[in-house]
Amino acid sequence: MIVHAYRVLFLLVPLVVGSCAEREGTQFVVPLQNDPYLTVRPTFKEQAAWFMFDTGAGAHTLARWFVDAAGMATEDDLLTGVQARDAAGQPVLLQAIRNAAGRLADGRSIVLESVIVADFPPKFQDEEVGGLLNPQLLASDGQAVVLDLRVPELRFERLDHAVRRIGARTLAQDEFQVCSEADAPIPNLLYAVAVTARDQT
């Protein structure tokens with residue numbers, strides 16, 4: 001397992017205006033801080049911090065400084081034998097947390113079922129950034145999580161409702177790949193889509 005803890009990617013989502021009936025499929029919406037990284041500020045064990053969304057991350061990753069400040073218990077034996085390296089190729093010590101329960105600014109609860117803990121550069125602590133969240137892994141069965149960069153917001157809704165609301169096209173099986181390790185110590189999930197870029201000049 002290779003953890004790229006500092007690469008932040010965002011999913012661009014085209015939106016269309018839905019009817020009132022369609023909006024009933026929305027389960028809840030999380031407004032995001034309108035800064036360059038679109039962040040959210042949850043609280044875990046009375047410790048709050050900013051978290052960035054990384055659609056390219058295979059798993060949620062918390063910064064070690066935040067885990068220590070919040071007094072969150074790690075399960076060191078979960079990642080025995082798992083090796084990771086940062087973008088510079090240096091080894092990264094990993095720990096794990098199961099079912100990290102927190103709350104959002106509006107009091108709504110959030111649970112991160114499987115989390116990797118790693119050292120982040122000091123700048124993250126200076127800016128109170130507690131880690132990176134994979135939005136795809138926040139969805140439950142039959143649910144979609146749509147990261148909208150224009151509002152900005154993170155919307156949790158039924159999958160069928162999300163497809164209708166944003167006018168999405170369902171891809172054929174040969175147009176995408178799902179890379180999942182459900183049986184790994186920290187289950188992770190990545191998507192790959194074939195894209196062709198054309199020079200318009």
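Which backbone nitrogen does the side chain of histidine 60 reach? Select histidine 60 and asparagine 134: the side chain of the former comes to 3.1 Å from the backbone nitrogen of the latter.

This is a predicted model, in which local features need pLDDT of at least 70 and side-chain atom pairs count only at pLDDT 80 or more, while totals for chains, interfaces and linings use all residues. Residues are numbered from 1 along each chain as its sequence is written, and side-chain values use heavy atoms, with hydrogens and water left out.

Stay on histidine 60, which lies in strand β6 (residues 60-63); strands are DSSP runs of E, at least two residues, and helices are runs of H or I, at least four, numbered from the N terminus. Histidine 60 is buried, with a relative accessible area of 2%; buried means under 20% (1.4 Å probe, protein chains only). Its contacts (heavy atoms within 4.5 Å), leaving aside neighbours within four places in sequence, include Leu112, Ile116 and Leu138.

Next select strand β10 (residues 143-148). Here 6 of the 6 residues are buried, so the strand is largely enclosed by the rest of the structure. Gln143, Val145 and Leu147 are on one side, and Ala144, Val146 and Asp148 on the other.

Valine 145 has phenylalanine 156 as its bridge partner in β11.

Finish at helix α4 (residues 159-166), where His161, Ala162, Arg165 and Ile166 are buried. Seen down the axis, these fall within an arc of 110°, so they line one face of the helix; the arc is taken from the directions from the helix axis to the C-beta atoms. Just after α4, glycine 167 has a positive phi of about 65°.

Key
Buried means under 20% relative accessible area, exposed over 50%, partly exposed in between (1.4 Å probe, protein chains only). A polar contact is a pair of N or O atoms within 3.5 Å; within protein, one must be able to donate a hydrogen and the other to accept it, and residues adjacent in sequence count only if both atoms are side-chain atoms. Two strands pair if DSSP finds at least two bridges between them.
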